[in-house]
Structure formats: structure tokens, C-alpha cells
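Please look through the model below before reading my notes.

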Amino acid sequence: MTIKEFFSFKTNKFFWVNMIAMIVVVVVMIFGVLKWLDIHTHHGETVAVPDVKGMTVDEAAKMFRNHGLVYVISDTKYVKDKAAGIILELKPGAGEKVKEGRTVYLTVNTLDVPLRAIPDVADNSSLRQAQAKLLNAGFKLNQVQLVNGEKDWVYGVKYQGRQLAAGEKIPVGSSLTLMVGNGSGDTSEEDSADVSVDTDQPVTSESSSTQDDSWF
């Protein structure tokens, strides 16, 4: 093959047509792949996480669906002054920009009131000490029930009319009644009386007062 024959393809129009066609096909394929990636990953598209705090899970689910987001209940807490089943926290937070299809993790107020053990206050605490322990444990207190015993001494704890044992578990926030001594069991010491002897009166013996009648 001569050098002239080797470079003869430059004048062959079929060669150039095929070359151009191959370039077009490669460009179209690259463009198609990039377009598919954009659609699949939602490149550059973001949505704001809706503020669903205080809503029920059912209410929040509709908002997440409208924004193209999904949710998962990842944790539960108990907040006594909040309604059961409402959303307390979400992550990512409300207003944050995320891609469609992102998972939002929710913390929900538990439907079941947690149980808590009764502190050991019966027969070893004063009224003030028992009140402080029970309130700190998350319980409420009714008016005290007076019983015979030392004043302001706690003799028992009642829940719904039943006396509880230390360590027994009842729902947090329950109202309890303390059984408190009314003072009738106090032991008061009697004052000792001093006995005084009247020294002005002479003490006479029976023998000295006896007179011998024989002298008369």
C-alpha cells in the first residue's frame, strides 16, 4: 500500500458520513444519560420541610405526601401537658431545604402514659419531705388524710382509695393522697411537781406527846 492510498480515506465521503454519525450517536447517548441522572436524582430540585409540630401523624402524612417526602417515627417521648399522639420534634427541622423523597424522622408524644415507682415515704418522712419527693417524681397531691399518729408524720400513700407500697408503679401524673398524723399520738411529758415541806410546823413524835397519867 502506497502512502497515497493510505491517505485516500480523506476524500472518501462515506468515511466522513460514518464518522459524523458516530459522533452524533455518542453525543446523544451522553445527553440521555445525564438527563436520566437528573430525573432520577432530582438534581437541583429541593423542597422545604413542612412544619408539622403539634399535628397528629395522620395530618402530617398528608403534608409530607404533598411535598414528596416520606416519614418515619423514630422515637417517642412523654410530655404530660401535650396531647397523646402529636408530633413533638422532626429531623430535618421545619423549613430546611431537602431533596424530594427525603425521609423525615419524627418524635411523637407517646399514647401510653409511662409508669413510675412510688418513692419510699411511708413511715420515714415528714409531710414536707414526702410532698417534695412525690412532686419531683411527677405525681400530683390531693388534700391529706388525717390519721392517728405523730403530727405531720406520713404513715401511708393512697391512690384511688388503695394504699400503696413503696416501689409500686402507677401512671405518672396520678393524684395521690398522703396519710398524715393528726397529733393524737404525740407523747407529752408531765411536769413533775415539787413537794415542799412546811418547816413552820413542828414535828412531834408519838412518844414525846404521850404523858404519864401516873403523875396525876
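**Notes on the model**

1. M19 is partly exposed, at 33% relative accessibility. Here buried means under 20% relative accessible area, exposed means over 50%, and partly exposed lies in between (1.4 Å probe, protein chains only). M19 sits in helix α2, residues 13–41. Helices (H or I, at least four residues) and strands (E, at least two) are DSSP runs, numbered from the N terminus.

2. A word on the source. This is a predicted model: local features need pLDDT of at least 70, side-chain atom pairs count only at pLDDT 80 or more, and totals for chains, interfaces and linings use all residues. Residues are numbered from 1 along each chain as its sequence is written, and side-chain values use heavy atoms, without hydrogens and water.

3. Now helix α3, residues 57–66. Its buried residues are V57, A60, A61 and F64. They lie on the same side of α3, because they cover an arc of only 110° around the axis, taken from the directions from the helix axis to the C-beta atoms. Exposed D58, K62 and N66 are on the face turned away from that buried side.

4. What do the buried residues of α3 pack against? They pack against β2 (70–77), β3 (87–91) and β5 (103–109). Just after α3, G68 has a positive phi of about 75°.

5. T107 belongs to strand β5. T107 is buried, with a relative accessible area of 8%. Beyond its neighbours within four places in sequence, T107 is in contact (heavy atoms within 4.5 Å) with D75, T76, K77, I86, I87, L88 and E89.
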